[in-house]
Amino acid sequence: MAREFQRGHKARISDLTPGTDLYVGVRIDAPGLTFDISCFGLDAAERLSDDRYFVFFNQPKSPEESIQLLGAQAGDTESFRVTLDRVPDHIHRLSFTAAIDGAGQMSGTGSGYLRIVAGGEEVARYAFDGSEFSTERAVMLGDFYRKDGWRFAAVGQGFDGGLEALLKNFGGEVAEEEPAAAAPPAFAPPAFAPPAAPAPPAAPSSAAPPSPPAPAPAAGTPPFGAPVPAPAPAPQLHSAPTLAAPLAPPAAPYGDPPQPGAPGHPGQPPHPGAPAPHGQQPSGHGQTPPPGYGQPPGYGQPPGYGQPPAGAPQGYGQPPAPGQTPPHGRPPGYGGQPAPYGQQPPAAAAPAGGPGLAAALQKYRETPTGQRWTPQNQQLMRVDLAMGGTPVLARQGSMVMYQGKVDFGYKGAGFTGRIVGNATGQEMQLMRCTGRGQVFLAEDGAHLHPIELQGDGICVSAENVLAFDESLHHEVRRIEGHGIPGGALFTMQFQGSGTVVVKTRGTPVVLPVTPTTFADANAVVAWSSASQVILSSQVRLRRNAYPGHSGETVNLQFRGAPGNFIVVQPYEV
């Protein structure tokens, strides 16, 4: 029978099935909405560092085919085949997502699910519906992730920005920038000039039919050279006023090399495919061509029309703006490309100027990972109360911000708890956080570390605890020995399934417990509850004859079987 998951629940894959060749099916009932269902293969930093592991309709499988998109089948909207033992070591998480294609919100969806099938039998199912969401347009449904083997987590966390927000969250490139790069081709593709010739002829032919005046076409060649390539190369290749030739190369019909030394050279060899342009150019050279002749803004700007002898009017595309006059003394029109084309050097430089406020703050944005507890940075922790549905107990005053509907209540320890806390120095002033929202916690800029317990235990001094899941059992535990200076004779022990957030001063180090492991009582932060802790004193009677001591006379000695550990911070309380 399939195991039912709720948002925030996790389990080892080995507890669900011994197999590693899995079928993942996703179904979303939402009349009128279309979904893009994908799988992101993320690295240890939960980033899409290798685009080949973004599996979607345009890339249906990963390089070694450990992740394959199968399509709709067996009642599922979309399905995947995942072979976990073939997933490369650098891929640490597989995130299955659904994004709305077009308008709509996840709150408008009906029921849905993500299910895992192994050996033809459904072993896990995470069911959801639109009531769990609001304005989200993309959702992370579930994850396979590495942690002592592969595990599965039901996520159910969304983004208002849709697929674009998902890509940004995973560090992928957003296709949003491509349209900008493709914009030039829209008005300057190779085929642009030819079509322009047939259309304009109607107007130009009236003033330009005199194909004979081909002598002047040199300046008029730009009609075909108007495409994007002209701006950049023209000013650099020629120093003569005539730039008609440089612009011609882009157009295949011309195919003739530029004629740098002939300003008004009529020797542009006539080509069968270019008669119309030649006829139109003369008219353009001596009189203002009609608006549709070649897109006035971009067409009139080509260098060729800025030749002194041409005397073309401003409307023809040669505005005598001082800012457009080339440094080499060339005519105003030379190299002065209009803003519409965006090829003018200044215009091109503008986008590359400052990154803007949004880009400057990008590295500080919130980092949702689909987990209940998410470090935003070393000193700030976010907990999503909606995931798991378990209240959180946090140190009073540690909340710095929250989103959603969250209630904060006083959590008393009771009469006995207060007596024990005062007597042992392990009293914690706590608040109870409940509701559906995200709470951000921090205290005194201390480094925060979420430690997930799954049936095991850990000992932490009360002053090093910031917050923990209410589902964890905690009690005061006595350390064996004759006492420790400062009264740290006791510690807090946490056991069960949940997460406890530990505070440290600086980045701590985790060491394995060996028969010769000692730690300063004022620097040790936590240790595995299975470890045996005793006091070790280096005080010798003979030392009493000498003034002073090393300051390291009393330490904690740890003993235990392999697998036990201690956590020490680079700071003495």
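Predicted model: local features only at pLDDT ≥ 70, side-chain atom pairs only at ≥ 80, totals over all residues.
The protein chain has 14 helices and 27 strands, and of its 573 residues, 47% are buried. If we take the contacts with a separation of 6 or more, 70% of them are between residues 24 or more positions apart. The accessible surface comes to about 26600 Å², and carbon and sulfur atoms hold 56% of that area.

Let me turn to the aromatic side chains. A search of the whole structure gives 13 aromatic pairs. One of them joins F5 and F152 in an edge-to-face arrangement, with 5.2 Å from centre to centre and 85° between the planes. This pair links distant parts of the chain, since F5 belongs to strand β1 and F152 to strand β12, 147 residues apart. Are these two rings buried or exposed? F5 has a relative accessible area of 4% and so is buried, and F152, at 1%, is therefore counted as buried too. Another pair, Y126 and F128, is classed as tilted because the planes stand at 45°, with the ring centres 5.6 Å apart. Y126 is buried at 1% relative accessibility, and F128 is buried at 4%. Coming back to F5 and F152, both belong to one aromatic cluster, together with F80, F96 and F144.

Arginines also meet aromatic rings here. R125 lies over the face of Y113, at 4.1 Å from the ring centre, and the charged end of R505 sits over the ring of Y571, 4.6 Å from its centre.

R115 and D76 form one of them, with the closest N and O atoms 3.0 Å apart. In this pair R115 sits in strand β9 and D76 in the loop between β6 and β7, 39 residues apart, and both R115 and D76 are buried. These two residues are also part of a network of salt bridges that includes E122 and R125, and that is the R125 which lies over Y113.

A second salt bridge joins R382 and E366, at 2.5 Å from N to O. R382 is in strand β14 and E366 in the loop between α13 and β13, so the pair ties together parts that are 16 residues apart in sequence. How accessible are the two partners? R382 is buried, with a relative accessible area of 1%, whereas E366 is partly exposed at 31%.

Finally, some details of the surface and the backbone. L357, L361 and Y364 make a nonpolar surface patch of about 380 Å². L357 is placed in helix α13, and its relative accessibility of 65% is why L357 counts as exposed, the cut-off being over 50%.

As for the backbone, most residues other than glycine have a negative phi. E46, in the loop between β4 and β5, instead has a positive phi near 60°. D148 likewise has a positive phi, of about 55°, and is found in the loop between β11 and β12, where D148 is exposed at 66% relative accessibility.

Conventions. Residues numbered from 1 in each chain as written. Heavy atoms only, no water. Helix = DSSP H or I, 4+ residues; strand = E, 2+ residues; numbered from the N terminus. Buried < 20%, exposed > 50% of the residue type's maximum accessible area, 1.4 Å probe, protein only. Contact = heavy atoms within 4.5 Å. Areas by Shrake-Rupley, 256 points an atom, 1.4 Å probe, with all protein chains shown as cover. Patch = residues over 30% accessible without salt bridge, like charges linked within 9 Å, V, L, I, M, F, W, Y side chains within 5 Å. Salt bridge = Lys/Arg side-chain N within 4 Å of Asp/Glu carboxyl O. Phe/Tyr/Trp six-rings, centres within 6.5 Å; stacked < 30°, edge-to-face > 60°. Lys NZ or Arg CZ within 6 Å of the ring centre and 35° of its normal.
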